[in-house]
Structures are given as C-alpha cells and as structure tokens.
Amino acid sequence: VVPPDTYAMLFTLHGTIMIFYAITPILIGAFGNFCIPLMIGARDMVFPTLNMLSFWLAFVSAILLLASLFTPLGGAAGGWVSYPTLSTLIGSPGVGQTLWCLALFVLGVSSTMGAVNYIATIITLRAPGMGYFDMPLTIWGLWLTAILNALFLPVLGAGLLLLTFDRVFGTTFFLAGAA
C-alpha cells in the first residue's frame, strides 16, 4: 500500500520522533527537571537560563525536523539511526535528510546543555549534609545519565556535522572508497 521510499521516510521519522523527541525528553528532560530539585532539596536548577535555552533549542530542532517533510523529495529516509550508506546523498538524496542531520545536531546541543545543568545542580545544590550516598537512586540514575549524555552527545554531534558537510559541501568523510 505504501511505496518503499515513503515507507523508509515514515520509518525514519517515526523512530526519530519516538526516541529523540518523545522518550528521551520525557524520561530525562521533564522527569529530571521536576525530580532533581525536589529530591536534593534545591529551589531550582543551578542554571535556569540554560534550562530555558535548552528547551527552546529542542523546540527549534523539532521545527527543523518537521520542515524536512515539506522538501521536494520528502523527509529523511535513512532510518532512525541513519547509517552513512543510507544517509549520504547516494542513499538519501534531497534536502530532507540534511535537515534531519541539522535537527539532531541542534537537539544534541540542547541535550548537552541540559546534561551540564543536571550535573552542576546535583553537585552544587544538594541539601546541607546530603552526601552522594545519601541521594535517592532516581537522582543517581539521572546524574549518571547526564554524565553519559555529556560524554557521548558531542561525539554524535560531530558525526552529524561531518555527515552534513558530506551532504552540503561535497566532502568525503563517509564515502567508502572515495580516498
């Protein structure tokens, strides 16, 4: 019923929206912003402006992702993990995949800012007398998740930036045998 190129686009956008725009923001973003100050005895996050900027960058990222649907060849069709063989100009021509890369890059910047805010809040704003081993397990989980996000999201962002350079400027970071 659905042509293969449309199916690939729907599969890509469904996976991207579910993982990067639904599960992660709800479980880490909303849940963390609500629980961390309450459970460590803080009035607010340590950097509320960074928190707001992180939220609005995520919103801009979602607009970029949805804008990819209105490009001439449609949205991204390289799968939600966008392996370079499928997401290069050869496997996924058109501007939609490039907008997908930019959207996830901006979302990665947003999530990195949130991770820095979580880490700094948990380290500096714990209630007096609350040591690390006195923190609830929820806070431990959010703190370690934030540390992992601060470590791996810049690497993912660098890969997305290189893929965008391949698509826009004709570089050959991800073309096998191009050297």
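Which residues have the most contacts inside the largest nonpolar core? In this predicted model, they are Ile-36, Ile-40, Ile-122, Met-135 and Ile-139. The core has 15 residues in total. Helices α1, α4 and α5 each give two or more residues to this core. In soluble globular proteins, nonpolar side chains tend to be buried together.

Now follow helix α5, which runs over residues 137-169. Start with its length. Its 33 residues, at 1.5 Å each, should span 48 Å. After α5 comes Gly-170, with a positive phi near 80 degrees.

Next, look at which parts of α5 are hidden. Its buried residues include Ile-139, Leu-142, Trp-143 and Ala-146. Further along, Leu-153, Gly-157, Leu-160 and Leu-163 are buried too. The spacing of such residues can be read with one rule. An α-helix has 3.6 residues a turn, so residues three or four places apart point the same way. What covers the buried residues of α5? The cover includes α1 (4-40), α3 (84-87) and α4 (95-124).

Go back to Met-135, one of the core residues with the most contacts. Leaving out residues up to four places away in sequence, Met-135 touches Ile-122, Arg-126, Met-130, Trp-140 and Trp-143. Two of these contacts lead on to the aromatic rings. Trp-140 and Trp-143 belong to a cluster with Tyr-132 and Phe-133, linked by ring pairs.

The model has eight aromatic pairs. Phe-55 and Trp-56 form one of them: their ring centres are 5.0 Å apart and their planes stand at 80 degrees, so the pair is edge-to-face. Phe-55 is exposed, at 51% relative accessible area. Trp-56 is partly exposed, at 44%.

Tyr-132 and Trp-143 are arranged in another way: their centres are 5.2 Å apart and their planes at 15 degrees, so this pair is stacked. The two residues sit 11 residues apart, Tyr-132 in the loop between α4 and α5 and Trp-143 in helix α5. The charged end of Arg-126 sits over the Tyr-132 ring, 4.0 Å from its centre.

Notes. Residues are numbered from 1 along each chain as its sequence is written. This is a predicted model: local features need pLDDT of at least 70, side-chain atom pairs count only at pLDDT 80 or more; totals for chains, interfaces and linings use all residues. Side-chain values use heavy atoms; hydrogens and water are left out. Helices (H or I, at least four residues) and strands (E, at least two) are DSSP runs, numbered from the N terminus. The expected span of a helix is 1.5 Å times one less than its number of residues. Buried means under 20% relative accessible area, exposed over 50%, partly exposed in between (1.4 Å probe, protein chains only). Contact means heavy atoms within 4.5 Å. A nonpolar core is a set of buried Ala, Val, Leu, Ile, Met, Phe, Trp, Tyr and Cys residues joined through side-chain atoms within 4.5 Å. Rings of Phe, Tyr and Trp (its six-membered ring) pair if their centres lie within 6.5 Å; planes under 30 degrees apart count as stacked, over 60 as edge-to-face and the rest as tilted. A charge sits over a ring if NZ of Lys or CZ of Arg is within 6 Å of the ring centre and within 35 degrees of the ring normal.
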